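Hello,

Here is the structure I promised to pass on to you. Please have a look at it first, and then read my notes below.

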Amino acid sequence: MTATIADPRLSGRAVKRIAFDEETIAGRVAELGAEITEAYPDGDLLVLGLLKGSFIFLSDLVRKINRPIQVDFLVAASYGDAMVSSGNVRLLYDPETKLEGKHILLVEDIVDSGKTLNKLMALLEERSPRSLEICALLHKRIADELQYETRFVGFDAPHEFLVGYGLDHAENFRHLPYIASLQ
Ligand code: PRP
C-alpha cells in the first residue's frame, strides 16, 4: 500500500510505509548497547563506524555502550546514486587509530548484498585485531556470499529500498528519524 506521509522532510516524495519508527529504533539500539557492553568485559574496544550510512546509528549506539571505548570511522562507497549495489567497494578514508591488539566492532547501517563487508572485513583482519565483529542495525538476510557472521543485528530488514536514520537515496532522506520504505 502506498501512502503519502505528511512529512516536510520528504519533499513530497511518497513512501510506501514506515518500516521502523523512532521509538522502535531507540528501544533496539539501547538493547544492542547493553549486549555489546556485556560481550566485551575487558580489553580495548574500538568502535569503527562505516560512513556515511551509519552516522546516526553509531552516534546513538555509542552512547548506550557502558564501558570505555574508542570511536573512529571508515569511509567506503559502493552504491553511488544507484538503488542496487555495484559491488565496486572503494575505501575513501582509513581509520587513524591503531587496530592491532584491540577488539574491533565494525558498525554498519545495513547488510544488503554483503559485498561491502566482505571487502572491509578482509582488509581489517590483516591488521591483527584481538577480535573483529560486525554490528548492523539492519540485515536483509540475502547476503549468500557474505563470509562473516554479523554478531549484533538490530532488525531483520524487509527486502525493500529503505531510507532514513542515516540511509539515503542519492544523499537524500538520511535525516529522517525513522526508517521508511521508498516507493
Ligand atoms: C550502503 C550501506 C552499506 C552498504 C550495504 O552504503 O550503507 O554500507 O551499502 O550494501 P551491500 O551489503 O550490498 O554491500 P553506500 O555504498 O550506499 O554508502 P553510504 O553508506 O555512504 O550511503
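**What I found**

Strand S2, residues 45-51, is largely enclosed by the rest of the structure, because 6 of its 7 residues are buried. Please keep in mind as you read that this is a predicted model. S2 has a partner in strand S5, residues 103-111: the two pair in the parallel sense over 5 bridges.

The peptide bond from Leu51 to Lys52 is cis, with omega near 5°. Lys52 itself has its place in the loop between S2 and H2.

Helix H1 covers residues 22-39 and helix H2 covers residues 55-62; their axes come within 9 Å and cross at roughly 60°. The two helices are therefore oblique to each other, and their crossing is right-handed. By class, the contact of H1 with H2 has 5 nonpolar, 1 polar and 1 charged residues. On the H1 side you will find Val29, Leu32, Gly33 and Ile36, which meet Phe57, Asp60 and Leu61 in H2.

Another residue of helix H2 is Leu58. Is Leu58 buried or exposed? At 4% relative accessibility, Leu58 counts as buried. Leaving out residues up to four places away in sequence, Leu58 touches Val47, Gly49, Val71, Phe73 and Val107.

S8 is joined by 2 bridges to strand S9, residues 179-182, and the two run antiparallel. Within this pair, Leu162 stands opposite Ser181 in S9.

The loop between S8 and S9 is where you will find Tyr165. Its phi is near 50°, a positive value in a residue other than glycine. Tyr165 counts as buried, at 5% relative accessibility. Ser128 also has a phi near 50°, again a positive value in a residue other than glycine. Ser128 is found in the loop between helix H3 (115-125) and S6, and it is partly exposed, with a relative accessible area of 42%.

Finally, a loop with two residues to look at. Lys140 lies between strand S6 (131-139) and strand S7 (152-156), and Glu145 has its place in the loop between S6 and S7 too. Lys140 is buried, with a relative accessible area of 10%, whereas Glu145 is exposed, with a relative accessible area of 57%. What does Lys140 contact, leaving aside its neighbours within four places in sequence? The residues are Ile110, Val111, Asp112, Ala157, Pro158, His159 and Glu160. As for Glu145, its C-alpha atom and that of Gly166 are separated by 25 Å, and the two residues are 21 apart along the chain.

Terms used:
Residues numbered from 1 in each chain as written. Predicted model: local features only at pLDDT ≥ 70, side-chain atom pairs only at ≥ 80, totals over all residues. Heavy atoms only, no water. Pairing = 2+ DSSP bridges. Helix = DSSP H or I, 4+ residues; strand = E, 2+ residues; numbered from the N terminus. Buried < 20%, exposed > 50% of the residue type's maximum accessible area, 1.4 Å probe, protein only. Contact = heavy atoms within 4.5 Å. Axes fitted to C-alpha atoms, helices over the stretch in contact; angles between N-to-C directions. Parallel < 35°, antiparallel > 145°, perpendicular 65-115°, else oblique. Left-handed = near helix turned anticlockwise from the far one by under 90°. Nonpolar A, V, L, I, M, F, W, Y, C, P; charged D, E, K, R; others polar.
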